[in-house]
Amino acid sequence: MRREGSANRLSGMDTATDSAARPGPWPLIVVGALWSRRTWRELTHLVSGAVVGVTGGSVLLFLVVATILGAPTVLVSLVTGALALSLSGALTALQRSRHRAFLDLDLPAGRPYAAFSIRPRVLLELIGTGKNWARLGYHLISLSWGLMAAAIAVGTWAFAVTLTLVPLFLANTELVVNPFALSAWGVALMLFAPWTTRGLAALDAQMAKQMLGVTRSEELEMRITDLAASRDSTVDAADAERRRIERDLHDGAQQRITALAVNLGIARATLADLPEPGARALADAHEEAKQALNDLRDLVRGLHPAVLEDRGLDAALSAVAARSPVPVRVRVDMDRRVDRDIEAVAYFLVSEALTNVARHSGAEHASVEVVLRDGGLHLTVTDDGAGGADPGAGTGLRGLADRVRSVDGTFRLTSPAGGPTTIEAELPCASS
Amino acid sequence: MRVVIAEDSVLLREGLARLMEVGGIEVVDTVGDAEQLLRSVERDCPDLVVVDVRMPPDHSDEGLRAALMLRRTHPDLAVLMLSQYVEERYAVELLTGQNRGVGYLLKDRVADVAEFLDALRRVVDGGTTLDPEVVAQLLVRRDGSEIERLTPREREVLSLMAEGHSNGGIGQALFLSDGAVSKHIHSIFTKLGLPPNESHNRRVLAILKYLRENGKD
């Protein structure tokens, strides 16, 4: 939603859909503007601007003056000031919806405006935000500007119509000027009126964009929040999917293949006098079933091990270490469980790092340290192998770094030729 | 030997029952959840229960909790836990207190019929049987302990002991003479500072107790 908003805002009012805006012969455009929907919407916009501007602006002006005059009695100032800020926030929301409704102009909302509050912290924050002063300014300016713009726009129309209709009323009166000449001027002015309206509306939109919109840095901040949220939900969805597949495999294929292997084992044990080809086939089938069971177990571990889900990182890592062909020392110091996705990233990081140690390093010892402190999970995997690990060499190392980044963690690999190799990662964990 | 099987997968439950039949073991009841298991033990007084760790309704560790309760209420009942994955803490919980006749194996081991039946008998006879993966986990956690002073061969002997093998079994697995096995075992006990113990089962328990008490950190 917000992304569309900012796209609209960049291209400004050009996105207003309107048949008259289509290129065509210019007389058609000029005449067409008279009854184009856009013209009348923008006129309504200006009139509504006057109503909102005058009522809102005058109340606001009263509050501002009261705040200034009430300064000696701190309390009055505090209350009226807080009221002014709160009203300004509400008016901003109102103006935003007006611009959206009549001009199709999306002014991206910054942070939602705070409801009335005289708590110093809230007030200070509101006052400290430069944007809030611009907004307050816009509402005070619209007190006069809104009225003026509407007056000019409506006045032009009214004057043009009156001039055009002059011959009807004054045909027989003695006048210095020819009533029909006046009428011709009226028609000309009427053709001009839509453009007055549009010009004023464009001016209002420009002002609103400057004063009610968000600054570039606010916009980027919002964009980052958006992107982070969408990335998080993608990562979450992927994790949920892994867990679902793990459960499905556990409830389905794993049970079936275990039962199959048991039955083949029973057949093998009881059919001792089976003729040779049959006995061989049965033995092979039994071994294959056991192997399939092993493969499936490895696959499930790679997806999302049940022990991680049930018992947490500590337990899951001791299982990983126990399977490692290189002896591993494990130290896990965590006084609580952390987010499931952080646990998963930490698990796969250690798991992949130990696989690399076993495959490439030629190490005799490795150690894994996991410490939860200062709101972060610190992981260190070291080995006493040959070193020279290259994250660009297409090993699982780059995948590890990516996975760590997906949760805003940091990843560092130190692996000089001759060793030792150290992988350090820090994963953020909200402290509970 | 009378057995109750508690396993929620129907396929595997039938497979296990058939397996016991082959081994000449009497299956008195098969159940699908922990509550039924408790009822069945009261009613049928089996010698052994074979229990899946993960069972309905929550599929977390209901089976284990039921087994722990049974070990308190029925000290003579042997318990063999089966699980999709092994977790050293489950083993530690099972071995705490009453240490007679306990086994803890990966479900995959069921496929090796003869070995599985052996494990069953060992447990019913009051012995212990631990999955090699559990033992590996128990060993890996000893950060900086005396375990690191053991030679690789001694570690192998220790693992097999913890899995529940007899001296003869260890000798066969490692191609060692009985005398050599005894020498290794003596050396392990000396290095770990445990009193020498002749009874096989008590020896295993001493080792498990050591591993447990010198746990993490």
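How much space lies in the largest pocket? About 630 Å³.

## The model

This is a predicted model, where local features need pLDDT of at least 70, side-chain atom pairs count only at pLDDT 80 or more, and totals for chains, interfaces and linings use all residues. Residues are numbered from 1 along each chain as its sequence is written, chains are lettered from A and ligands numbered from 1 in the order in which they are written, and side-chain values use heavy atoms, with hydrogens and water left out.

## The largest pocket

A pocket is an open set of points on a 1 Å grid over the protein atoms alone, where a 1.4 Å probe fits, with protein on both sides within 12 Å along at least five of seven lines; lining residues have an atom within 4 Å of a point. Its volume is the space filled by probe spheres set on the points, which are joined across faces, edges and corners.

## The interface

Chain A brings 36 residues to the contact and chain B 34 residues (heavy atoms within 4.5 Å). The buried area is about 3100 Å² (accessible area, 1.4 Å probe, lost on being put together, summed over both parts). Carbon and sulfur atoms give 50% of that area. Arg297(A), Arg311(A) and Arg329(A) supply 19% of what chain A buries against chain B, more than any other three residues.

Six salt bridges cross the interface (a side-chain nitrogen of Lys or Arg within 4 Å of a carboxyl oxygen of Asp or Glu). One joins Arg297(A) to Glu133(B), at 3.5 Å, N to O.

Terms used:
Buried area is the accessible area (1.4 Å probe) that two parts lose on being put together, summed over both.
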